[in-house]
Amino acid sequence: MNRDGRLGVGVIGAGRVGPVIAAALAGAGHALVGVTAGSDPERVEAILPGVPVLDAVEVARRSELVIVAVPSTELTGLIAGLADVGAWQPGQLVLHTDAAHGTGILAPAVARGAIPLAIHPAIAFTGTSMDLRQLTNAFAAVTAPGPVLPIAQALAVELGCEPVVVAEADRAAYAEAIATATEFSRSIVGQAAGLLAQVGVPSPGLYLSALVHSTIDHALADPPSGPAEPPVGLV
């Protein structure tokens, strides 16, 4: 870490999450070292202009903070593979963004002297600059060993989020809650929009917008303690 607390940040994973996290940290004053190649280089270049494209080994070797933002199914193999080739550095911060895992999955990096952090911002990422606005005033689940938990919390704040500590043992339940909220909402809205389209309502998504947003706002303001009641007018 530099004397002023700024870090050289590298990103492994150029999907919807990693480049946005990197851009947010760059906005907080950190230096971007590199990002791995992705399937949409124009989108990545738009949000991380001029950042070198490196392979995962070089990103890990050159960075003081490595953001690992890959699909859950790839996380275990990636962390272990980089440990096998000696890419992880003693004292280096390694941060993953997967909702389902705490820091245990980073054990191969820890064995090489790295410091493990897990931060999951609770937003639906698009992979564009719009996400930077969403991060502001959002919440982020943070998990880390006690001595370095303040580092994870500080990084979440630099992303624009309010950090919420989630214990290692509770990450699976946390991930289930996140998946339920996102997948169920998307499915139900899609089903409703499809029914409206069938009866000839133009722009069904736009038609539902105020209803869905107001319903969700009411649900978040006063979460039900028992079985949900059907909306008024739909019984």
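Analyst: What follows takes a predicted model label by label.

User: What makes up the protein overall?

Analyst: The protein has nine helices and seven strands. Its C-alpha trace spans about 60 × 40 × 35 Å along the principal axes. Of its 235 residues, 38% are buried. The accessible surface is about 12,600 Å², and carbon and sulfur atoms hold 61% of that.

User: Why is the pair glutamate 158 and arginine 6 called a salt bridge?

Analyst: The N to O distance between their side chains is 3.2 Å. The cut-off is 4 Å, so the pair qualifies.

User: Where in the chain do these two residues sit?

Analyst: Glutamate 158 is in helix α7, and arginine 6 is in the segment before β1. They are 152 residues apart, so the bridge links distant parts of the chain.

User: Why are both called partly exposed?

Analyst: Glutamate 158 has 24%. Arginine 6 has 21%. Both values fall in that range, so both get the label.

User: How many salt bridges does the structure hold?

Analyst: Three. Another one joins arginine 43 and aspartate 40, at 3.6 Å from N to O.

User: Arginine 43 and aspartate 40: buried, partly exposed or exposed?

Analyst: Arginine 43 has 18% relative accessibility. Buried means under 20%, so arginine 43 is buried. Aspartate 40 has 32%, so aspartate 40 is partly exposed.

User: What about glutamate 58 and arginine 62?

Analyst: Their side chains also meet in a salt bridge, with 3.0 Å from N to O. That is within the 4 Å cut-off, so the label holds. Both residues are in helix α3, which covers residues 56-62. They are four residues apart, so about one helical turn separates them.

User: What makes a group of residues a nonpolar core?

Analyst: The residues must be buried and nonpolar, and joined through side-chain atoms within 4.5 Å. The largest such core here has 35 residues. Those with the most contacts inside it are Leu25, Leu48, Leu65, Ile67, Leu117 and Ile119.

User: Which elements build this core?

Analyst: Several supply at least two residues each, including β1 (8-12), α2 (41-47), β5 (115-121) and α7 (149-158). The largest share comes from α1, with six residues. Apart from this core lies another, of 19 residues, among them Ala56, Val68, Leu106 and Ala114.

User: What does leucine 117 touch, leaving aside its neighbours within four places in sequence?

Analyst: Its contacts include Leu93, Val94, Leu95, His96 and Thr103. Val148, Ile151, Ala152 and Leu155 are also among them.

User: Where is the kink in α9 centred?

Analyst: The kink is centred on alanine 210, and its angle is about 35 degrees.

Terms used
Residues are numbered from 1 along each chain as its sequence is written. This is a predicted model: local features need pLDDT of at least 70, side-chain atom pairs count only at pLDDT 80 or more; totals for chains, interfaces and linings use all residues. Side-chain values use heavy atoms; hydrogens and water are left out. Buried means under 20% relative accessible area, exposed over 50%, partly exposed in between (1.4 Å probe, protein chains only). Contact means heavy atoms within 4.5 Å. The bend at a residue is the angle between axes fitted to the seven residues ending there and the seven starting there. Accessible areas come from the Shrake-Rupley method with a 1.4 Å probe; for residues, only the protein chains shown count as cover.
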